[in-house]
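Visitor: I would like to learn how to read a model like this one. Could you walk me through it?

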Amino acid sequence: MKRFDASKIARTLGIIMLFAAVACGGEDAATRAAAGKVAIALNWKPEPEFGGLYEAQRTDAFTKRGFDLEITGGPGAPVVQMVDAGKVEFGIAAADEVLLARDRGTDIVAVFATYQTNPQGIMVHASRGLQSLPDVFAAGGTLAVEPGVAYLKFFEKHFDLAKMKIVPYGYSIAPFLSDKDMAQQVFVTAEPIAARRQGADPQVFLIAESGFNPYAAVVITTGARARGESKRVADFVAALREGWRGYLDDPSQANARMGALNKEMDGETFRLGAEAQKPLIEDAFARQRGIGAMSLERWTQLGEQLRELGLIDHPAQPEQCFADAGATGGAPAQSR
Amino acid sequence: MKRRFVENVLPPAATFVLTTAAAEFGIRAAGISPLLLPTPSAVARAALQHSSTLLPALAMTAQAVVAGLALSIAVGLLVAIALSTSRWVERAFYPYAIFFQIVPIVAIAPLLVIWFGYGMRSVVAAAFIVSVFPVIANSLAGLLSVDPALGDLFRLYGASRAATLWKLSLPWALPNVLTGLRIAAGLAVIGAIVGEFVGGGGLGVVVLEAMRQQRTDLVFAAVLHAAALGLGLFAAVNATSHFALRRWHSQEKDT
């Protein structure tokens with residue numbers, strides 16, 4: 001449904017292609033920057049999770065700040081590596097990926113966090129009458145998740161998964177639709193809506209409910225750029241924030257734009273997805289500090305959790321993980 | 001014997017040491033990010049540090065590969081024998097055998113899960129699908145290349161079809177069958193890893209996990225384990241070939 005089937009392999013191939021790209025050189029991020037061009041690599045197809053970016057591109061949010069935006073990447077793109085290697089200035093990743101990348105010796109920082117509450121969840125059939133994530137795990141059955149995701153490690157540590165058969169998520173909801181005891185990972189903006197539209201009765205438990213809540217759809221860049229070109233980064237973030245404000249207020253035009261680029265998701269799913277994600281993006285914190293703002297407490301907590309799970313080898317330095325240019329003490333969100 | 005050891009082992013060992021050292025120093029000198037390309041020493045460290053993950057995964061993948069390969073040998077030989085019985089049968093079915101070889105396993109892998117469910121069966125099926133064709137093609141070539149004079153001789157003495165197959169065609173085709181197996185062994189490993197990407201388990205999942213956790217060194221370590229598995233199977237086929245052919249076939253005689 002949402003995610004195209006060969007994407008895992010594509011991810012693997014992406015690394016190889018990146019080697020080739022790095023080896024061949026070519027136009028690097030620095031020359032583009034001089035021309036006012038700026039590139040951001042996405043980690044998925046155009047979907048509501050990138051709504052603000054496409055809204056900012058559609059309106060004059062980027063152009064009036066002198067940016068000529070290029071949106072690149074897609075499913076399987078090794079975004080962190082692309083940003084680390086300077087192939088693109090900005091990329092989209094999850095907060096846990098930022099900490100992992102830093103732990104592996106890179107200087108990746110987060111500058112904008114789209115989702116205050118992580119939009120990933122576990123989807124089950126509502127007919128099973130399950131009430132919570134521990135219920136899901138106690139009930140058993142098959143659980144399809146992408147191998148190696150941090151939250152699975154968190155579940156393994158804090159819940160008893162002995163009854164679950166854990167299998168790789170193949171980016172298709174077909175197995176879920178045909179198996180009443182199946183549970184699978186979802187983005188609340190996509191799979192549950194697709195499942196409902198295909199006649200299923202899905203119920204989603206957000207991963208955040210378990211106490212593991214990394215910021216998601218985080219805009220990343222290198223620490224060197226965030227420090228050395230802080231004005232440019234702040235301008236980029238301001239443009240993006242303006243786009244998100246517009247998208248939250250009226251997603252229809254950006255949705256049409258994304259729908260033209262991603263034919264697999266229909267207009268109604270775009271509309272419902274944009275609606276479903278609103279509270280995850282603009283909560284009390286974001287209203288006060290600005291959309292995309294981040295807090296040291298959240299980064300500290302995530303660093304401790306990842307360390308506890310053995311996913312990072314060194315203690316995290318949370319204050320170095322993010323630079324939320326223009327958010328701290330910045331303009332509060334406009335009233336609707 | 002001792003000289004042969006030096007001749008056979010020293011050149012590849014020297015290549016290994018030189019390329020590893022060059023990679024180690026080259027990567028360090030160029031300052032390449034460990035996320036992009038880890039040094040050989042980092043890969044070795046990851047292999048040791050994660051051996052409790054890698055070795056059981058290797059064992060699981062090896063099981064699937066061996067099962068898939070065994071199926072390929074059995075089915076591949078039977079199909080080749082069936083195709084060799086008559087020109088018409090061969091003409092009718094051989095093009096389809098080629099067609100199935102061309103179907104990319106990566107594209108049909110997600111279907112395997114729907115057909116066979118998650119787990120070992122899908123992985124074995126993937127290993128089988130990619131490794132059966134070289135067995136069919138090479139065995140068939142061998143079966144069809146039997147010296148016509150020898151075929152006439154068997155007919156002259158009134159040998160049954162079974163006897164001709166067992167005593168003439170199969171021994172004649174054996175070197176070809178083994179060539180097919182050498183190719184199939186490497187392909188079966190590839191098939192199994194692709195199968196594990198969708199069906200779960202083994203080195204395939206270790207690769208996916210390590211990718212997601214940005215442990216590029218562990219990705220390389222897992223890939224090397226898979227390569228070692230392919231190499232081990234290749235060596236096993238070679239040993240079988242040596243053992244089976246040394247007494248009569250020029251390919252292995254006097255070596």
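Guide: Happy to. Let us begin with burial: a residue is buried if 20 or more other C-beta atoms lie within 10 Å of its own, exposed if 12 or fewer, and partly exposed in between. Keep in mind that this is a predicted model.

Visitor: Then let me try that on one residue. How many C-beta neighbours does Tyr171(A) have inside 10 Å, and is it buried or exposed?

Guide: Tyr171(A) has 20 C-beta neighbours inside 10 Å, so it counts as buried. This residue sits in the loop that links β7 (164-168) to α8 (174-178) in chain A. Its backbone deserves a look too: phi of Tyr171(A) is positive, near 60°, and the residue is not a glycine.

Visitor: What if I zoom out to chain A as a whole?

Guide: Chain A has 15 helices and 10 strands, and 52% of its 336 residues are buried. For contacts in chain A with a separation of 6 or more, 79% are between residues 24 or more positions apart.

Visitor: How is chain A divided into domains?

Guide: There is domain 1 (7-116 + 214-320) and domain 2 (120-210). Their C-alpha centres lie 25 Å apart. Where these domains of chain A meet, domain 1 brings 15 residues and domain 2 brings 13 residues. On the domain 1 side, α13 (267-281) and α15 (296-308) of chain A each supply at least two residues, and α13(A) gives the most, with five residues. By class, that side of domain 1 has seven nonpolar, five polar and three charged residues.

Visitor: How should I read the meeting of the two chains?

Guide: A general idea comes first: the size of an interface is often given as the accessible area lost when the parts come together. Here we can count residues in contact instead: 21 residues of chain B touch 28 residues of chain A. On the chain B side, α5 (105-116), α8 (161-199) and α9 (202-212) each supply at least two residues. Sorted by class, the chain B side has 15 nonpolar, four polar and two charged residues.

Visitor: One last feature: how do I check the length of a helix?

Guide: Compare its expected span with the distance between its ends. Helix α6 (residues 120-144) of chain B has 25 residues, which at 1.5 Å a residue should span 36 Å, and its end C-alpha atoms are 36 Å apart, in agreement.

Visitor: Where does α6(B) bend, and which proline follows?

Guide: The bend, about 30°, is at Ser131(B), and Pro134(B) follows within four residues. Burial returns here as well: 22 of the 25 residues of α6(B) are buried, so this helix is largely enclosed by the rest of the structure.

Terms used. Residues are numbered from 1 along each chain as its sequence is written. Chains are lettered from A and ligands numbered from 1 in the order in which they are written. This is a predicted model: local features need pLDDT of at least 70, side-chain atom pairs count only at pLDDT 80 or more; totals for chains, interfaces and linings use all residues. Two residues are in contact if their C-beta atoms, placed from the backbone, lie within 7 Å. Ala, Val, Leu, Ile, Met, Phe, Trp, Tyr, Cys and Pro count as nonpolar, Asp, Glu, Lys and Arg as charged, and the others, Gly among them, as polar. The expected span of a helix is 1.5 Å times one less than its number of residues. The bend at a residue is the angle between axes fitted to the seven residues ending there and the seven starting there. Domain bounds come from an automatic or database domain assignment.
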